[in-house]
Amino acid sequence: MSSLHDPGAELLIPADTAVHRLAPQCKVAATALFVLAVAGTPRGSYWPYLWYLLILGVIAALAALPPLTLLRRLVVEVPFLLFVLALPVVGAPPELTVLGVGLSEPGLHAAATIALKATFGLLATGILAATTPLPEIITGLERLRVPRVFTAVAAFMVRYTEVVLGELARMRTARACRGGDPRWLWQVREVAGGLGTLVVRTFERGERVYLAMVSRGYTGVPPPALTGAAASRGAWTAALAVPLLAAVGTVLG
Amino acid sequence: MHIPDGFVSAPVAAAGAVVAAAGLAVCARQAGAQLTERQLPLAGLAAAFFLVLEAPIIPVGAGTNGHLLGGTLAVALLGPWLGPVVITVVTVVQALFTGAGGLSALGVNLVNLALVPAAVGYPVLLGLRRVLPQGHTGTALAAGLAAVVSVLAAAVLFTAEYAVGGAAGVPLRTVAVSTLGVYALVAVFEGVVTALVVRGLLALRADLVRVAPERVP
């Protein structure tokens, strides 16, 4: 199977470790709580981030994840960091003079705090994505009692992302063959026309996929094999220890 | 528009989470009650569609770096209950996998991106559709204008959220001017794209559009 058949697979770093095997609902809950603990760190307090880094480092080591790969995936936050860089410049007084440039002190603290919190949030979800395939994460959310309409839509989305990507790639190839290269605002009609075609084609494709599913016995409920099993008490204890340890840093910070 | 971790204070993030959970619970119940089996795959496809369109790696923008928000398009196609469910799924996946928006600010983001189009955009759309000329072009125009209003409303709401609990150390004035300025442009782009997509869909497959003149919701 190509990676297109398995969305999120390019983020997965397969291995057979305890972290990979842990029930997805435990991992999803632990990740969310860990990020909340990091987000609760008081502003101006910087040592807790070393503690968070240690916690994530231990988990990454347990999951046999190469640290450089995890760090390289942080590039998605680069546009956002550029925005954060503006905060000390446009921030409120009092100002500090650094190398002859007046920088706002609250702006500097805010920029550092936001960048750190976003980075640790991304590292935590990065470890989740590296150890858990997307379909399993949806199963985990279902076990956490997320209403079925959300998980059902998400499950279909996972299946259809590949369909949409394939169709988009074909349409872009066709457009390039015809010499189309829209990149300016006055060519918006061409972009929107392409989007409309993509909508219609993917919807019609989706209807055909749905009919195929019905003909194979789909009744509106996913098969029980996809709904997962309950996690053991030990799995929950191990998973929830992570945000609890992080919360120690949040409270002391 | 995806707010990162640490940009708004914890009380605002918590309030956003409560509002989002309450609003989405209503949406989930209503959507679940009205959901026919056929709608589920269509909603999933719409979610996949928005996920692909909003992926930063795929340049679909036309000279601007603001990507399609899609909230009003979703409610125009799927109705005010299922539309927010679809946008929520997309936003959560983006927060988990692409770092777009922080998990702690997820509630605030969902209010801005998923609930505002349903609470503001959809009524505006229905109201405008009554005023504007009947037919496909009028409906598409109503959807486009509703998208503009909806994006601007989200930008104003974001500024208000920042006024109540901003934690970025930037004066409110600066945030307000830059947010509203940038999102005025995004709103126009969003409106044009929404109107053209709805117009195109109405011509080809009006049965897929919830607000089509042929279907009175």
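Two residues are in contact if their C-beta atoms, placed from the backbone, lie within 7 Å. This is a predicted model, in which local features need pLDDT of at least 70, side-chain atom pairs count only at pLDDT 80 or more, and totals for chains, interfaces and linings use all residues. Residues are numbered from 1 along each chain as its sequence is written, with chains lettered from A and ligands numbered from 1 in the order in which they are written.

**View 1. Elements and contacts of chain A.** From the N terminus, their order is α-α-α-α-α-α-β-β-α-α-α-α-α. Of contacts in chain A between residues at least 6 apart in sequence, 78% join residues at least 24 apart.

View 2. A residue is buried if 20 or more other C-beta atoms lie within 10 Å of its own.

**View 3. Surroundings of Ala46(B).** Beyond its neighbours within four places in sequence, Ala46(B) is in contact with Ala74(B), Leu77(B), Leu78(B) and Val86(B).

**View 4. Helix α1 (residues 10-34) of chain B.** The buried residues of α1(B) include Val12(B), Gly16(B), Cys27(B) and Ala31(B). Among the elements covering the buried residues are α9 (148-177) of chain A and α4 (106-131) of chain B.

How values were computed: Buried ≥ 20, exposed ≤ 12 C-beta atoms within 10 Å, placed from the backbone. Helix = DSSP H or I, 4+ residues; strand = E, 2+ residues; numbered from the N terminus.
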